[in-house]
Amino acid sequence: MIFILYLALIILFTKAAGAISVKLGQPSVLGKLLAGILLGPAILGWVQPDDFIGHFSEIGVLLLMFIAGLETDLDQLRKNWKASFAVAVGGIILPFIGGYALAAGFGLTNNEALFLGLLLCATSVSISVQTLKEMDRLGSREGTTILGAAVLDDVLVVILLAVMMSFLGTAGDVSIGLLIGKKALFFIIVIAAGWFIVPRFMKLFAPFKVTEAVMSAGLIVCLAFSYFAEMMGIAGIIGAFAAGIAISQTSFKHQVESKIEPIAYTLFVPVFFVSIGLNITFDGVGSQWLFIILLTIVAVITKLIGGGVGARLTGFDNRSSLVIGSGMVSRGEVALIIASTGLQAGLLLPDYFTSVVLVVILTTLITPPLLKAVFKENRQLASK
């Protein structure tokens, strides 16, 4: 029954820390992330990462991205696809160069340096989504561009990771054509299903004389899309986001959204935020403090500039470009998955694994206050 205690502690600490964070003028998500560090092995050790935490956090991030999809303006997303693509590409090129150069400077092998550069290319938009939602800016032009760029970024990085591991001989025989084909097939099927199948499924399920038939139908679509995404080699969060967009185009959008948010934000999403902090330990990082500081600086600046330049080249002004670059800084769970993959493949040395995880967490902690600060400044200038 230890998981019951874990849940009680997680809900108590995330809500309390979130409230304190808001009182201090920061997004509540920052406090929730710090609650995970406080509860986890790094400080108190009251909550340990295990399968239960892992499964609950997976559901949490899927529901978070599902809600983001429900709230996304599809017309705005279509209008800004060029900007999203430019931001995604800019947010890959500069971090890759910066990560590779830093790793090479610290004496890592060429293969290890290439992998570290690729790891810095990852973007986890889930933290930015929550921050933008708290500020009521998720549906803004900047918010929509960040969402679109993060989806493209995720797809491109997964493809690049598979290509790299294939060329470096750590993934066996991999057909690059098949790999890209699966990604393309995923989007074709998801778009077709979202257009033709999801509306009919929702209409068919809604009249069922059972409790919460409409919300149940929405959850089925979310989980099915997420599972299909994982099957096709794409992160489940992309499937959940696509499911949210599909349902947002139906008459059931507000009904699903109003029912899903209380469940998500009361139980599953807090576990996801805490799970990120649980990855932190400070064992053995004392000797690598310089590497951690420099890698964090490179990780933040290259994403900020890379994403910002991509936005600037596609028509955004300097302030909006800074907002978009800030929204791409968080590496979150996507980079943690890539780091684990590199560790297993021998492309990330065990001695550096903890330091890299710490850098990933730091970029995730930096994103909420950074995003709020630049958005606030942007709004003040716009009102003058």
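I started with the largest nonpolar core, which has 128 residues, and found that F66, L119 and M202 have the most contacts inside it. A nonpolar core here is a set of buried Ala, Val, Leu, Ile, Met, Phe, Trp, Tyr and Cys residues joined through side-chain atoms within 4.5 Å. Buried means under 20% relative accessible area, exposed over 50% and partly exposed in between, with a 1.4 Å probe and protein chains only. Apart from that core I noted another, of five residues, including V155, A162, V163 and L179.

A word on the source: this is a predicted model, where local features need pLDDT of at least 70, side-chain atom pairs count only at pLDDT 80 or more, and totals for chains, interfaces and linings use all residues. Residues are numbered from 1 along each chain as its sequence is written, and side-chain values use heavy atoms, with hydrogens and water left out.

Next I looked up F66. Leaving aside neighbours within four places in sequence, F66 is in contact (heavy atoms within 4.5 Å) with G218, C222, A240, F241, A243, G244, I247, V256 and I260.

Helices are DSSP runs (H or I, at least four residues), numbered from the N terminus. A243 is buried, because its relative accessible area is 0%. Beyond four places in sequence, I find A243 in contact with F66, V221, C222 and F225. I also checked A243 against G194: they are 49 residues apart along the chain, and their C-alpha atoms are separated by 7.2 Å.

Then I turned to helix pairs. The axes of α1 (residues 2-23) and α3 (residues 51-71) come within 11 Å and cross at roughly 50°. Axes are lines fitted to C-alpha atoms, for helices over the stretch in contact, and angles run from 0 to 180 degrees between N-to-C directions. That angle makes α1 oblique to α3; angles under 35 degrees count as roughly parallel, over 145 as roughly antiparallel, 65 to 115 as roughly perpendicular and the rest as oblique. For the contact I listed F3, Y6, L7 and I10 from α1, with F52, I53 and F56 from α3. By class, I have seven nonpolar, no polar and no charged residues there.

My last pair was α13 (residues 289-313) and α14 (residues 318-327), whose axes come within 7 Å and cross at roughly 135°. This makes α13 oblique to α14. On α13 the contact is made by K303, L304, G307, G308, A311 and R312, and on α14 by N318, S321, L322, I324, G325 and S326.

Technical notes. Helices (H or I, at least four residues) and strands (E, at least two) are DSSP runs, numbered from the N terminus. Ala, Val, Leu, Ile, Met, Phe, Trp, Tyr, Cys and Pro count as nonpolar, Asp, Glu, Lys and Arg as charged, and the others, Gly among them, as polar.
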